[in-house]
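Please walk through this structure one part at a time. The text below starts with a helix and then moves to strands and single residues.

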Amino acid sequence: MHAATEEKIEAFIWDNKFNTGVDVVDEQHRKLVDLINRLGSISAHLASTEELGAILTELANYTVYHFNTEEELMRKYVVDAGHQDIHVKAHQHFTNQVTVAAKILMGSTDVTNQLVAPLLKYLTNWLVQHILGSDTRMGKEILALQAGDSHEDAVRKANAFMTQSANVLMEALNEMYGKLGDKTLEVMQKNQELEADQEALHVLNEQLEERVKQRTAAVESANQKLLANNLELKQLNERLESAHTQLLQSEKMASIGQLAAGVAHEINNPVGFVNSNLGTLGKYMTSMFDVISAYEAVEAKGGGNAFPEVSQVKKKVDFAYLKEDIPSLMKESQDGLARVKRIVQDLKDFSHVDESNWQFANLEAGLDSTLNVVANEIKYKANVVKQYAGLPDVECMPSQVNQVFMNLLVNAAQAIEKNGVITVRSGVNGNEVWVEVEDTGKGISPENISRIFDPFFTTKPVGKGTGLGLSLSYGIVNKHNGRIEVKSEVGKGSTFRVCLPVRHTDKNEGATGNA
């Protein structure tokens, strides 16, 4: 660090000892050093006050920006509160002193080395002691925290470092204030001459301020209109994106339904003739056993030695066990085919590919079909309890209502971590019916209850859900002129109730009166 009278005065020479170890802070320190060096060169070529004002303004603005960066870092890493307070006060004091000095310098009509040198020395000395002291101490605490140290250990390490003295700063301040005080007397004498000019300038400033106010008001009004238009456009885009996504999801579910119906149909044909063949085979086996029984009766009359070769074969194949096991095998095979037929029928009932119009349907039967379709999702986590009230047939779109049931049942299963209960209830209330899906899962927090029907909102981990299931369900129920009610308690579970009118009424029908 040195001062000189050369064309470019180096007020501050950077050295690695000034590095704090925090990259962003060190980079900004170097920028401040460059600004101070540029200020130092002013006294060498007697720059104008305009040039001085430009560099002082840039220095002041960058100093505020740098101090904000340091203070944000201290808040982010929760640096020791006592150090934060001292550090921030030092920033504020420096800013105030530089502001006062700048006002005095800018009030002068000439810029000389004698006038700039005290300020330059103050800036360099203050920056040296601040970097080597407060900034380095802050850096050591932040680096310790980044390395995984506890706050107590980090503070202890940082405090152990603080051995720098503030004497350099005080000496620089005293020298600067002495020389700036002499210059102040000269500035006061010139103030009288400037009063007349200032009064005229004041009038011009008032006129300019009024014009600026008018222009600002116009700009603010235009900005408000622009913001309102942008907000409306954003809302329209969100609604369009939501509608587009829901349309894609609906088309996807329709395709899945068609695929399920096609698979069910293809499976149903071979299952039919296999089932028929098993029935015929059972009859054939009965007939064969009747023939064998007749042979055994003849053999018994001859003393049991009429067919010695046959007796040996019967012993070899364990004929008595075969007679006992074959009927069991036939029954198990027929039971398995019956299960396959039931799954195929449930797939057909769930998809309802050919039933896109409004029709009367049994919601409890739809629930049973849906439960069978999602059985693999539920059976490892929860027991299903059915409490049906015997609902009347409801006019609806069965495939869409089944989609709602499937979303609620899958969500219930996913809310249960293990060994839970899902209770499915139904009931009638006047001209509407209701179906409830209750689970013993983890529940929904109160702050999320109002958002669960928003498109794309989900509390599930990434990859577990799209956030569209309840949104689509809400749209389907709303199209049926129904509603979904939710009750939930964190740690105990949730209950979703779907309420639908028994008979569908178009919302526009009420607008048509009797002729």
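In helix α6 (residues 151-161), the buried residues are A154, V155 and A158. Since they cover an arc of only 95° around the axis, they lie on the same side of α6. This arc is taken from the directions from the helix axis to the C-beta atoms. Buried here means under 20% relative accessible area, exposed means over 50%, and partly exposed is in between (1.4 Å probe, protein chains only). Helices (H or I, at least four residues) and strands (E, at least two) are DSSP runs, numbered from the N terminus. Exposed residues E152, R156 and A160 sit on the face of α6 that is turned away from its buried side.

This is a predicted model, in which local features need pLDDT of at least 70 and side-chain atom pairs count only at pLDDT 80 or more, while totals for chains, interfaces and linings use all residues. Residues are numbered from 1 along each chain as its sequence is written, and side-chain values use heavy atoms, with hydrogens and water left out.

**Strands that pair**

Strand β5 (residues 432-439) has seven of its eight residues buried, so it is largely enclosed by the rest of the structure. It pairs with β4 in the antiparallel sense over eight bridges; two strands count as paired if DSSP finds at least two bridges between them. Across this pairing, I422 stands opposite D439 in β5. The hairpin of β4 and β5 has two residues between the strands, and G430 takes a positive phi near 70° there.

β5 is also joined to β7 by seven bridges, and the two run antiparallel. Here V433 stands opposite L500 in β7. Strand β7 (residues 493-501) pairs in turn with strand β6 (residues 483-489), in the antiparallel sense and over seven bridges. E485 has R497 in β7 as its bridge partner. In the hairpin of β6 and β7, with three residues between the strands, G491 has a positive phi near 90°.

**Two buried residues**

T423 lies in strand β4 (residues 420-429) and is buried, with a relative accessible area of 10%. Leaving aside neighbours within four places in sequence, T423 is in contact (heavy atoms within 4.5 Å) with V385, Q387, E436, V437 and E438.

N407 belongs to helix α12 (residues 398-415), and N407 is buried, with a relative accessible area of 12%. Apart from neighbours within four places in sequence, N407 is in contact with G469 and S473. N407 and G469 are 62 residues apart along the chain, yet their C-alpha atoms are separated by 5.8 Å.
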